[in-house]
Amino acid sequence: MKITPELVTTDPASMKVLQQLARETFKATFDANTPPDEMAAFLKEYYTTESMEAELTDPNTATYFFKNEGGSSWLLEAFLEGRPNRTGLPRRHGITAHLPAS
């Protein structure tokens, strides 16, 4: 299986896939412990196009899609300490992986 990395850009098609993967991953991770109304509000407010564009254009962050030949996509975000994330918390060095829901 061939896996191809692709730098995520702010074009509308990439943003749509990015938002979908991020929302699905967050929901799959935290849905069991979060009231439905809070989950819906968080997903709507946190994963806005504007906030995600800000992260994609942050020079301390690199976000990649990894696509396999079958068309599945994964998301990998690598970041250095710097600008606070969308929740306002300071960033640390690290990597965040978002995997599609199965």
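This is a predicted model: local features need pLDDT of at least 70, side-chain atom pairs count only at pLDDT 80 or more; totals for chains, interfaces and linings use all residues.
Local features need pLDDT of at least 70, side-chain atom pairs count only at pLDDT 80 or more, and totals for chains, interfaces and linings use all residues. Residues are numbered from 1 along each chain as its sequence is written, and side-chain values use heavy atoms, with hydrogens and water left out.

**Exercise 1.** Work out which residues of helix 2 are buried and which are exposed.

Solution. Start with the terms: helices are DSSP runs (H or I, at least four residues), numbered from the N terminus. Buried means under 20% relative accessible area, exposed over 50%, and partly exposed in between, using a 1.4 Å probe and protein chains only. Now look along helix 2, residues 36–46: Met 39, Leu 43 and Tyr 46 are buried. Looking down the axis, the buried residues fall within an arc of 90 degrees (taken from the directions from the helix axis to the C-beta atoms), so they line one face of helix 2.

**Exercise 2.** Find which residues of the largest nonpolar core touch the most other members.

Solution. A nonpolar core is a set of buried Ala, Val, Leu, Ile, Met, Phe, Trp, Tyr and Cys residues joined through side-chain atoms within 4.5 Å. Out of 13 residues in the largest one, Leu 18, Tyr 47 and Met 52 touch the most other members. Next, sort by element: helix 1, helix 2 and helix 3 each give two or more residues to this core. Helix 1 gives the most, with 5 residues.

**Exercise 3.** Classify the ring pair Phe 26 and Tyr 47.

Solution. Rings of Phe, Tyr and Trp (its six-membered ring) pair if their centres lie within 6.5 Å; planes under 30 degrees apart are stacked, over 60 edge-to-face, the rest tilted. That rule gives 6 aromatic pairs. For Phe 26 and Tyr 47, the centres are 6.3 Å apart and the planes at 65 degrees, so call the pair edge-to-face. Phe 26 sits in helix 1 and Tyr 47 in the loop between helix 2 and helix 3, so the pair ties together parts 21 residues apart in sequence. Both residues are buried.

**Exercise 4.** Find the salt-bridge partner of Lys 27.

Solution. You need a side-chain nitrogen of Lys or Arg within 4 Å of a carboxyl oxygen of Asp or Glu. The partner is Asp 31, with the closest N and O atoms 3.1 Å apart.
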